[in-house]
Amino acid sequence: MIDVEKRREKIIMIIAIIYLALGYWATGKTTHANKIFIGYKMGGVFCERLAFALILGWILIPVAFIRTIFHI
């Protein structure tokens, strides 16, 4: 039983990392595309994109795929 639980935790962690990576990429393709950020602290843009990825990833990922496929 412990092995099954550990496996499940690893799979969930891998899915979470993939979701955040795709969400971060999608944020760059949608909300932060063609923008210049001036006045942000060193990790400000990174943290903002990560927060967008976490909160809005479920909608930004499909939109980014559509924009990438159709070059919108």
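This is a predicted model: local features need pLDDT of at least 70, side-chain atom pairs count only at pLDDT 80 or more; totals for chains, interfaces and linings use all residues.
**Exercise 1. Describe the setting of T27.**

Solution. Step 1: T27 belongs to helix 1, which covers residues 2–29.
Step 1: with 0% relative accessibility, T27 counts as buried.
Step 2: the side chain of T27 reaches the backbone oxygen of G23 at 2.8 Å.
Step 3: not counting residues up to four places away in sequence, T27 touches H32, R49, F52, A53 and L60. Among these, R49, A53 and L60 are buried residues of helix 2.

**Exercise 2. Find the salt bridge and say how its residues are placed in the helix.**

Solution. Step 1: the count comes to one salt bridge.
Step 1: E5 and R8 form a salt bridge, with their closest N and O atoms 3.2 Å apart.
Step 2: both residues lie in helix 1, three residues apart, which is about one turn of the helix.
Step 3: an α-helix has 3.6 residues a turn, so residues three or four places apart point the same way.
Step 4: E5 is partly exposed at 39% relative accessibility, and R8 is partly exposed at 45%.

**Exercise 3. Compare the end-to-end span of helix 2 with that of a straight helix, and locate the kink.**

Solution. Step 1: helix 2 runs over residues 44–70 and has 27 residues.
Step 1: a straight helix would reach 39 Å at 1.5 Å a residue, but the end C-alpha atoms of helix 2 are only 30 Å apart.
Step 2: helix 2 has a kink of about 95°, centred on L56.
Step 3: the buried residues of helix 2 are R49, A53, G57, L60, I61 and A64.
Step 4: after helix 2 comes H71, whose phi is positive, near 55°.

**Exercise 4. Describe the aromatic pairs and the parts of the chain that they link.**

Solution. Step 1: the count comes to two aromatic pairs.
Step 1: the ring centres of Y24 and F46 are 5.6 Å apart and their planes stand at 55°, so this pair is tilted.
Step 2: Y24 lies in helix 1 and F46 in helix 2, so the pair ties together parts 22 residues apart in sequence.
Step 3: Y24 is partly exposed at 25% relative accessibility, as is F46 at 45%.
Step 4: the rings of W25 and F65 have centres 5.3 Å apart and planes at 50°, so this pair is tilted.
Step 5: W25 in helix 1 and F65 in helix 2 are 40 residues apart, and the pair links distant parts of the chain.
Step 6: W25 is partly exposed at 29% relative accessibility, and F65 is partly exposed with a relative accessible area of 40%.

How values were computed: Residues are numbered from 1 along each chain as its sequence is written. Side-chain values use heavy atoms; hydrogens and water are left out. Helices (H or I, at least four residues) and strands (E, at least two) are DSSP runs, numbered from the N terminus. The expected span of a helix is 1.5 Å times one less than its number of residues. The bend at a residue is the angle between axes fitted to the seven residues ending there and the seven starting there. Buried means under 20% relative accessible area, exposed over 50%, partly exposed in between (1.4 Å probe, protein chains only). A polar contact is a pair of N or O atoms within 3.5 Å; within protein, one must be able to donate a hydrogen and the other to accept it, and residues adjacent in sequence count only if both atoms are side-chain atoms. Contact means heavy atoms within 4.5 Å. A salt bridge is a side-chain nitrogen of Lys or Arg within 4 Å of a carboxyl oxygen of Asp or Glu. Rings of Phe, Tyr and Trp (its six-membered ring) pair if their centres lie within 6.5 Å; planes under 30 degrees apart count as stacked, over 60 as edge-to-face and the rest as tilted.
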